Amino acid sequence: MAKLAIALILIAVIALSGCAGNTAGKSTDGTVKIIPLTIAHTSYNPGKINVNLGDYVKIQAVAAVGTSTHAHGVTIDEYGINKKVTTEDPSSPEVIEFLADKAGTFKIYCGTCKEGIFGTDHPKIEAELVVK
Ligand SMILES: [Cu+2]
């Protein structure tokens, strides 16, 4: 049992160091922040994304299982982001990357849901990006 615990801890340490070492696409001295995001029919999860000014942000977005036809997306006007997310596969998410070079609280919404099967009847979904 102790051996299993040690093995699990080792795996966790390796996984964590792997993430921390992933600095591809880094364009400033800031940290690369990887944010997994799931877009469900009525909400984003997480509903709030907190990053620091100067971070290089990589949102790894997927549509919730069964919603690939909804044309869910991630739109952040102030950062010029408007990306459709139709993959449901967390191992190959839609990656949305940007340098968080503007401080403030920004609305994340779906600018593409109207293109999906629900059209303009798709529920309005919103999340928040906080850069400070
Ligand atoms: Cu939907």
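1. Start at Glu 126. Beyond its neighbours up to four places away in sequence, Glu 126 touches Lys 107, Ile 108 and Tyr 109. The residue is found in strand β9, which covers residues 126-131. Glu 126 counts as exposed because 12 other C-beta atoms lie within 10 Å, and the cut-off for exposed is 12 or fewer. The C-alpha atoms of Glu 126 and Val 74 are separated by 9.4 Å, though the two residues are 52 apart along the chain.

2. A word on confidence. This is a predicted model. The mean pLDDT of the protein chain is 86, and 78% of its residues reach 70 or more. Residues 4-27 need care in reading: pLDDT stays under 50 there. For that stretch the model has nine contacts beyond four places in sequence.

3. Next, the overall make-up. The protein chain has one helix and nine strands. Along the sequence, the pattern reads α-β-β-β-β-β-β-β-β-β. Of the 132 residues, 23% count as buried. Among contacts with a separation of 6 or more, 64% are between residues 24 or more positions apart.

4. Now the sheet. Four strands form an open sheet in the order β2-β1-β4-β7, with mixed pairing. At the edges are β2 (44-45) and β7 (94-99), each of which pairs on one side only. Strand β1, residues 32-39, pairs with β2 in the antiparallel sense over two bridges. Which residue of β2 is the bridge partner of Ile 39? The partner is Tyr 44.

5. Then the core. The largest nonpolar core has 19 residues. Those with the most contacts inside it are Ile 39, Ile 59, Ala 61, Val 74, Val 85 and Ile 108. The elements giving two or more residues to this core are β1, β4 (56-63), β5 (73-76) and β9. Strand β4 provides the largest share, six residues. In soluble globular proteins, nonpolar side chains tend to be buried together.

6. Val 85 shows how this core is connected. Leaving aside neighbours within four places in sequence, Val 85 is in contact with Ile 39, Ala 61, Val 62, Ala 63, His 72, Gly 73, Val 74 and Glu 94. Among these contacts, Ile 39, Ala 61 and Val 74 are also listed with the most contacts inside the core.

7. Strands β5 and β6 (residues 81-84) run antiparallel and are joined by four bridges. Val 74 stands opposite Lys 83 in β6. The hairpin has four residues between the strands, and Gly 80 takes a positive phi near 65 degrees.

8. Two backbone details deserve a check by eye. Most residues other than glycine have a negative phi, and most peptide bonds are trans. Ala 71 has a positive phi, near 55 degrees. Ala 71 sits in the loop between β4 and β5. Is Ala 71 buried or exposed? Ala 71 is buried, because 21 other C-beta atoms lie within 10 Å and the cut-off for buried is 20 or more.

9. The other detail is a peptide bond. Asn 45 and Pro 46 are joined in the cis form, with omega about 5 degrees. Pro 46 lies in the loop between β2 and β3 (48-51).

Definitions and conventions: Residues numbered from 1 in each chain as written. Predicted model: local features only at pLDDT ≥ 70, side-chain atom pairs only at ≥ 80, totals over all residues. Pairing = 2+ DSSP bridges. Contact = placed C-beta atoms within 7 Å. pLDDT = per-residue confidence, 0-100. Core = buried A, V, L, I, M, F, W, Y, C linked by C-beta atoms within 7 Å.
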